[in-house]
Amino acid sequence: MLGFLAARQAGLDDPLRLRRAESTRRVLGLELNPDRDVDRIHGNGINTIDIDAIEGRYMLSGGADGVIAIYDLENFSGKPQYTCKAVCTVGRSSQYVHKFSVETVQWYPYDTGMFVSSAFDKTMKVWDTETLKPAEVFQFEDNVYSHHLSSIARKHSLIAVGTKNPKIQLCDLKSGSRIHVLQGHRAEVLSVQWSPRYEHILASASADSKVKVWDVRRASGSLLTLDQHNGDKTKASSEAVNTAHNGRVNGLCFTGDGLYILTAGTDDRMRLWNSATGENTLVNYGKVCNESRKKLQFTVSRGCSPEFVFVPCGSSIAVYALHTGELVAMHRGHYNNVDCCEFHPDYQELYSGGKDGNILAWVPVLHASDVEEESNSSNKAAANQSSVNPAFQDAWSSDED
Amino acid sequence: MELSQRERLSELVEELTTSGQPQLSQDKMNELKKICKVSNDCIDHLYHSVMAQLNQEHCEVRLSAFQIASELFTRSHHFRTLLVDNFQEFLELTVETDSDQPLPPPKEVARKLRSLALQTVQSWQALYGTAYKKLALGYHFLKQVKKVDFQDAEARSIAERRREEERRRRMERIYKEKVEAASKDMEDSYQEIEATLTEIEACMGLLFPEFGLTDIQTVIRNPSNSQQALKCPLDDEQPCCSKNMRDNRTRGMDEEVEGSREERKGNGKEDKMSNEEEEELYDEDVFIRNSGLISHSYSLDLNLSPGLHVQETEDNEAVVSTLIDLHRLITTKHLPAVKGWVQVFTKAGAEQQLLRRALDLRKSLEAALQKHTELHIDYRTRVRKVMNAFSDKEEDDDDDDDDFDEVPEKEGYEPHIPEHLRGEYGLDPTPSTSAAPVTGKPPAKRPAAPPPHSSSHSPSSRRMKHLTEEEQDPTCAAATLRLLRQNLPLSVESSSGSSVLGSSQSSSDQKPVDAPVVPFGLDLYYWGQEQPNAGKIIKAASQHQFWVPVEVEEEVENEQLLAESRSRYISFPGSFTPVSHYCRAPLGNGKLCQRQDRLKCPFHGQIVPRDQEGRPCSQEDRLREERRKREEQPDWRDAELMRDIEAVTGENLGSDRVGKKGKGKKKKFPNLSDLKQSANTSRSRLEKKVFNKSSMRRVAQVMSKADGRKHDKFSNQFNYALN
């Protein structure tokens, strides 16, 4: 750390280098922190969360009970102990609430005054944050599994919607209508994602075990279909041609720079693809438990020098190194399956929601530095700690001698 | 951490968890804590061994492991961090948070473990919830997601409660259906039961009318009593009740003389009493003429035994048989049905009215049965009745005709049986109903003098007449016998064993005793005859009707057949001689084998003569026995020797195994309750047999072979060639 600082001071290093090193260190120190809590709003499982891109301050969450909540993540109290308050909620008492399980929520990328949510009640609602009323409601024929707004789009304001219908719908926020469908999948579309690099590029994952990359300007069909065998016909059986997984593909995620696509399937595999060529990079992540029938929301860190993938794996969250596939850590904290996780790029914090109705904040814990600042010996630190909380003391009774 | 400590810890954990006790042993726990206090390494090790034990598929083990964990949880911070880190798994293993992983058997212990774990988690949460985030999360998970009500005494989760509720609802539905079915049933058979009840009431009324001695007057005034319905109609020329009555009259007089008799009691007497009164009303003249008694006034001693006693007679036979049928109907059909309804109604809490109705039914049915038992009806054997129904009826018909025939009743005390009756005794293979009173009555009926006026229809006289009639009939056995008697007066007279009949007697066989009795055979059939075509077989070489080859030898002589027709096989099995010797081989308990096999004892082999201690007498037997013993146990496996070697080398060669070979496997943890024992059901045993690997393989083999054969035979046919 000091070395980095010195180099930075001397101008030897790129400023990015220090930043990356530090954020990597913080990501590696992620831990379930007793100081950070998130209000318990949802009575049921949490399907999706999203942190706004502008300030990084507000977090949206959608639950299986149809409730949507907005949390304030910023801690202005000056104390380490902080509970993220729910700023406002669309509760069951609201007349606009989703009837069934909310599957996806997303902030409007340029402003926190608007967000979009879609649910199993076959609707997608565009909400005004101020009044908590839907400004627009899109009605579909089938359950909506996922939707996505492009975070970089300047020439269009399209929402891609994956429903039970194999056709991907494109809804235009400007006109408030469904303007386009993308045909090509043969089963329900579980996840859609815009590329963070090119505003017209869209990726979709479907239950027919295929992942397709589309250019929405091209009406005739998809650009690419990701093939797990990279077109090697000898390895693929006839029905497995052009498939990305050997089961349903329910997780889809671009890396921060948009150069790679990560997919997760119910074959308990995660694959990394080159988004430009559609080539399977054949990174082996090992077994990634995935039993979800619905969309699985996972995320990639930003601004670390080796990037990390945070992926729900049963009731824990697995952290892999993106390019090597090495399992870095396993965060266990949920008591039931984890459905979604979101990375906060500014503070290197991780938020995860699971079927047990908890949103857990995984906050970097920097023990060593703290202790060094406060005291010289680790012994003293322990004593100090125990004086802080009596629960950490050992309680051996004397009669056992 | 030292190796010894580590070992000791593992040992202690294993001992504690496999003790099978609901509480941990305090001493061992203290020792454990003492070791754990030394360092965190010990706690690490302990944590892992406890978790390993918690993973065992035995709830007693889990309970003990959980108790260890809870003891240490309150003491060591390090243990707390370790456990809380893995709290999901801990809850899965103790509280059954994952429904896919239920707690293992035994069930009671599982329940106990669950409630104990929930209580403990609650107390932990109160103590350490703020400090250990995951503990708090786990507690909330239990509370919010699993909806465990910690106040609930049974600490059931919402799912369990729902299950309970569901089960209750299902039971309710089942009960409702049952009640409906039962009430419908009751509606259907109510009429029938009522009818049965009235019928049985009427029957019992017939057998034993509801009045005492004081009610006689009313009976007199009301002659249309039930008895008339029972017996012959009164307007009959000679009503049978009056016949009975006469009998009774004389008997009543006898009673005066001799005292009361035992066999006729209660009802019978009353019956007769009332009959008597009726008779008086009916026609006095007849009475006087018949009985010769001028005076009606005579005293009658009645011996009324406290219990009722109805004897089945010919007269009330029909009623009694109806009664029996009804009784059987009630006991086997109605009463169980009604009881079932009552049970269903009470269990399901049905309407009061239905229940009351069923209860009433049951009460009346039971009352009827009770009354029936109080009657103490003497049943005659039904089988006989059926066999002789015809003859009885015939006799009854006879009664009307020769009522006044004066035939002395004497068979009871006659010193010798008259000739004509002798034939009857010999002839009649089954004693008839009417014969039974004949033989049964004599000791009872002992009047001072045979009353000349007494009833004419004594069974024997009737039988006599009957017999003569029968003899006229050539198809009757009696006629044949009469013929025989006439032909062979000597043999019938001389030997009462007249069953030795037939031609053997008539032929000149002087020594019937010596002649062997052999089964009938071909040789006897052709006895003393020359058989013309014995052993000859007609050979039909051509099956054709009329196309026959010319030079065909139609008849073939078969020596064997010829011999067979003249010879007789006599098998000679010899006679059975019981075994008198014992095996006498020495047994393990010091006794001698007491088996009595002829040649070979299944346990000790060839039976040889042995001395007092059970040692074989002869040298070679002794040697052979020793050799056999040695063969059973190869000498390098001699237990003593192995123990010595083990003592020297310190390696376990299994000497203890050798010693108690064949005594069954020793249970590893004798204190734990055996899970397999409870699983030892008929189903599991059958499963073991049926799904046995080898038997499955065998069956599969046979099947595939059959298939293969089919393939071999019919492979040219397309539908077999395919598989």
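The model is predicted, so local features need pLDDT of at least 70 and side-chain atom pairs count only at pLDDT 80 or more, while totals for chains, interfaces and linings use all residues. Residues are numbered from 1 along each chain as its sequence is written, chains are lettered from A and ligands numbered from 1 in the order in which they are written, and side-chain values use heavy atoms, with hydrogens and water left out.

**Stop one: where the chains meet.** Select chain A and chain B together: the contact (heavy atoms within 4.5 Å) takes 24 residues from chain A and 30 residues from chain B. Between them the two chains bury about 2,400 Å², of which 56% is on carbon and sulfur atoms; buried area is the accessible area, found with a 1.4 Å probe, that two parts lose on being put together, summed over both.

Next, select D37(A) and K133(B), whose side chains meet in a salt bridge at 2.7 Å, N to O. A salt bridge here is a side-chain nitrogen of Lys or Arg within 4 Å of a carboxyl oxygen of Asp or Glu, and the count between chain B and chain A is one.

On the side of chain B that touches chain A, α2 (26-38), α5 (77-85), α6 (87-94) and α8 (133-145) each supply at least two residues. Helices (H or I, at least four residues) and strands (E, at least two) are DSSP runs, numbered from the N terminus. The largest share of that side, eight residues, comes from α8(B).

**Stop two: an open sheet.** In chain A, follow the order β16-β17-β18-β19, in which four strands form an open sheet with antiparallel pairing; two strands pair if DSSP finds at least two bridges between them. Strands β16 (189-194) and β19 (224-225) of chain A stand at the edges with a single partner strand each, so one side of each has no neighbour in the sheet. Select K212(A), which stands opposite T225(A) in β19(A).

**Stop three: a salt bridge within chain A.** Select R57(A) and D72(A), which form a salt bridge with their closest N and O atoms 2.9 Å apart. R57(A) lies in the loop between β3 (46-51) and β4 (58-63), and D72(A) lies in strand β5 (residues 68-72), 15 residues apart.

Residues 331-362 of chain A are 0% helix and 59% strand, with the end C-alpha atoms 9 Å apart.
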